[in-house]
Amino acid sequence: MNHEDPVLLHDEGRVRHITLNRPRALNALNHDMVKRLDAALAEAGADDTVIAVLITGAGGRGLCAGGDIRSIYEDARAGGSASTDFWRDEYRLNARIARFPKPYVAIMDGIVMGGGVGVSAHGDVRIVTENSRIAMPETGIGFVPDVGGTHLLGAAPGELGIHLALTADAVGAADALLCGLADHFVPSERLAPLVADLAGCGTAAGIEETVRRHAAPAPAGELAAHREWIDACYRADTVEEVVDRLDGSGVPAAKQAAQTILGKSPTALKATLSAVRRARGLGSLEAALDQEYRISCAAFTRPDLVEGVRAQIIDKDRTPRWNPATLAEVTEEDVASFFAPLGDRELGLAASVTTD
């Protein structure tokens, strides 16, 4: 095993360990890593000596901070196509994880954002700790939640998913459990004993039982206490009305959410609201990923993605100049264009599941 590889593989007992190994980049995913992960899962799924897969992140700061945004920025500026090729393979990987035939255990310790959610939250056994900070932060860079994020957020109770999608807020362990993004809370001090015990499992059925043995009640979260105003405000038909309801609610946390939303890309906000609501009616992760691929390809050609990454990652001035600059300037036609069919460039995951 070459410890410089961006994806490390080894077995402990009958569990195949996959470690994302770009700790200086918070294990951000690039195309090579996606291909390696996909190949590793294909091999583990076919290997009768492997009863489960465990994915973790190197460096102790998080599982994965998302996709390699800087590369996407450079590709978009150059008018390239590497990013759309990356997303095609990444979304196929997300679908493979969701349908993996053996227990897929994700330790979502530390930072888990964007693409990191995609390689963890579609698994069977999703573990959070007191260090977990989980988010789909795309609206802050002029993008729309992807990697199956619209499917996950659309399935969250009430309007919690819309709240997280529009604000791009990160949540801790209890709120991740509440929103259906995770299954078990395990204190970080118990992770090493948990991993050791997983190595002793002889059957797939023992994996879940072992995790439950190490799990504990999560420390209190924040979202449960805010359900009333979240559900009332985010039920509105448009982003403008959502913001108006939040701002006029009289609740300080709601007013803060309104201000947070108004700092995001107006175009991305409107596309995001539509995407999550449409995802609720699509019926499968694969159909949501197909929709997200259309959206991502459209967003790639819009000015806000380059500008958002510039402001947040490149220049770090935190003052993006969105175009259009206001919600009122984003038309229904603008939003509809994100969902336009791609013809022979469609991802086609839902069709492949139907024909399998």
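Predicted model: local features only at pLDDT ≥ 70, side-chain atom pairs only at ≥ 80, totals over all residues.
Local features need pLDDT of at least 70, side-chain atom pairs count only at pLDDT 80 or more, and totals for chains, interfaces and linings use all residues. Residues are numbered from 1 along each chain as its sequence is written, and side-chain values use heavy atoms, with hydrogens and water left out. Helices (H or I, at least four residues) and strands (E, at least two) are DSSP runs, numbered from the N terminus.

Helix α13 covers residues 266-280. The expected span of a helix is 1.5 Å times one less than its number of residues. Buried means under 20% relative accessible area, exposed over 50%, and partly exposed in between (1.4 Å probe, protein chains only). The buried residues of α13 include Pro266, Leu269, Leu273, Val276 and Ala279.

Two packed helices are described by the angle between their axes and the distance between the axes. Axes are lines fitted to C-alpha atoms, for helices over the stretch in contact, and angles run from 0 to 180 degrees between N-to-C directions. Angles under 35 degrees count as roughly parallel, over 145 as roughly antiparallel, 65 to 115 as roughly perpendicular and the rest as oblique. A crossing is left-handed if the near helix is turned anticlockwise from the far one by less than a right angle, and right-handed if clockwise. Contact means heavy atoms within 4.5 Å.

Helix α6 (residues 160-167) packs on α13 at about 150 degrees, with the axes 10 Å apart. The two helices are therefore roughly antiparallel. Their crossing is right-handed. From α6, the contact is made by Ile162, Ala165 and Leu166.

A second pair consists of α2 (residues 69-77) and α15 (residues 303-314). Their axes come within 10 Å and cross at roughly 140 degrees. That angle makes α2 oblique to α15. This crossing is left-handed. Ile69, Arg70, Ile72, Tyr73, Ala76 and Arg77 of α2 meet Leu305, Val306, Val309, Arg310, Ile313 and Ile314 of α15.

A nonpolar core is a set of buried Ala, Val, Leu, Ile, Met, Phe, Trp, Tyr and Cys residues joined through side-chain atoms within 4.5 Å. The largest has 91 residues, and Leu20, Tyr234 and Leu246 have the most contacts inside it. Helix α14 (residues 285-300) supplies the largest share of this core, 8 residues. Another core, of 16 residues, lies apart from it and includes Ile107, Val195, Cys201 and Ile207.

Val353 belongs to helix α17 (residues 349-355). Its relative accessibility of 28% makes Val353 partly exposed. Beyond neighbours within four places in sequence, Val353 is in contact with Arg99 and Glu286. Val353 and Cys64 are 289 residues apart in sequence and 28 Å apart in space, C-alpha to C-alpha.

The loop between α15 and α16 (332-337) holds Pro324, which a cis peptide bond joins to Asn323, with omega about 0 degrees. Lys316 lies in the loop between α15 and α16. Its phi is positive, near 55 degrees, in a residue other than glycine. Lys316 is exposed, with a relative accessible area of 53%. Leu26 sits in the loop between β2 (15-20) and α1 (31-46). Leu26 has a positive phi of about 50 degrees although it is not a glycine. At 19% relative accessibility, Leu26 counts as buried.
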